[in-house]
Amino acid sequence: MLLYTHTACLEHDPGPGHPECPARLEAVLHAVRAAFPALDWRQAPEAPRDALLRVHTRALVESVLDTKVEGQHRLDEDTLLSPGSAAAALRAAGAGIAAVDAVMAGEARQAFCAVRPPGHHATGGTAMGFCLFNSAAVAAAHAVHAHGLHRVAIADFDVHHGNGSQAIFAGDPRVMYLSSHQAPLYPYTGDPAERGVGNLANATLAPGAGGAAFRAAWGERLLPELEAFRPQLLLVSAGFDGHRLDPLADLALEAEDYRWLGRELAALAGRHAEGRLVSMLEGGYSLAALRACSVAHLQGLLDAA
Ligand SMILES: [Zn+2]
């Protein structure tokens, strides 16, 4: 398994007290390095602007990359730019592109992108919900356009619905988006009735739901849809904010639930995509949960690799 990251991803600073803090990524990196000393670590390159423009408007790309920031620049109530944000966002998106290239070239079957800021709330034209560029969407579009794939899937188990990923691909049958998420919860999208052109699958979880409900949502509803889609490449939006310790949401998942889903996703990629799977860090705001769940997620991927 490859691991893509970059120190620039630690330099995006939304300000004191903000939950999407650099310590999140440090926690993941330290835990993963200790648990899996044999992973092949690689520097994430910067995403080229052309790759960002496949899914984002020029206005959004320029607002993130070309705004002169001193101190902080507020894009919405909880989404901010600091002087290091443009470089972090470029490396986060670039990690996904490089990971897709590597698994398509057969350098490895699996890759994990340990990056921030997260991406799945960013729509084509709007940075929101702590997200600047939608790195998973950029990676999916790269797989379609640069590698000619026509069945790419994004499986998103962050506790929040990935409204941005859904909106970007809602009319594009080449990309399937599947999500489990707490409802009601920000950003208040992702009703199961939202099906796009048959390429969206949403499963909602009630506040307080635990591993049994989570495993039922994936095992009985989302994984069968993903199986039927037969993805040629599986991308994962890996957010760990459904853990019981997370301060921003109300689910009661345990690390072992993330290991279970990682194993299921990797096995499915093995059946349809020659094992090709690229997982990207999204949310997760308890440092203890991030440590345990990122390790459990990767263990699950490796169990079925
Ligand atoms: Zn989240």
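Q: Which elements do the buried residues of H1 pack against?
A: They pack against strands E1 (2-5), E2 (40-43), E5 (110-113) and E10 (277-281), and against helix H9 (287-303). Contact means heavy atoms within 4.5 Å, and helices (H or I, at least four residues) and strands (E, at least two) are DSSP runs numbered from the N terminus.

Q: What should I know about the model itself?
A: This is a predicted model, in which local features need pLDDT of at least 70, side-chain atom pairs count only at pLDDT 80 or more, and totals for chains, interfaces and linings use all residues. Residues are numbered from 1 along each chain as its sequence is written, and side-chain values use heavy atoms, with hydrogens and water left out.

Q: Which residues of H1 are buried?
A: Arg24, Leu25, Ala27, Val28, Leu29, Ala31 and Val32 are buried. Buried means under 20% relative accessible area, exposed over 50%, and partly exposed in between (1.4 Å probe, protein chains only).

Q: Changing topic, which protein atoms are the donors of the zinc ion?
A: The donors are Asp158 (OD), Asp158 (OD), His160 (ND1) and Asp241 (OD), at 2.0 to 2.7 Å from the zinc ion. Donors are N, O and S atoms within 2.8 Å of the metal (3.2 Å for Na, K and Ca); water is not among the atoms, so sites may look incomplete. Along the chain, the donors have the spacing D-x1-H-x80-D.

Q: Why is the arrangement irregular?
A: The arrangement is irregular because the four donor atoms subtend angles of 53 to 153° around the zinc ion. Four donors count as tetrahedral if all angles lie between 85 and 135 degrees; four count as square planar and six as octahedral if opposite donors are over 155 degrees apart and all others between 65 and 115; anything else is irregular.

Q: Are Asp158 and His160 buried or exposed?
A: Asp158 is buried, at 1% relative accessibility, and His160 is buried as well, at 8%.

Q: What is the phi of Tyr188?
A: Tyr188 has a positive phi of about 70°, although it is not a glycine. Most residues other than glycine have a negative phi, and most peptide bonds are trans. Tyr188 is exposed, with a relative accessible area of 62%.
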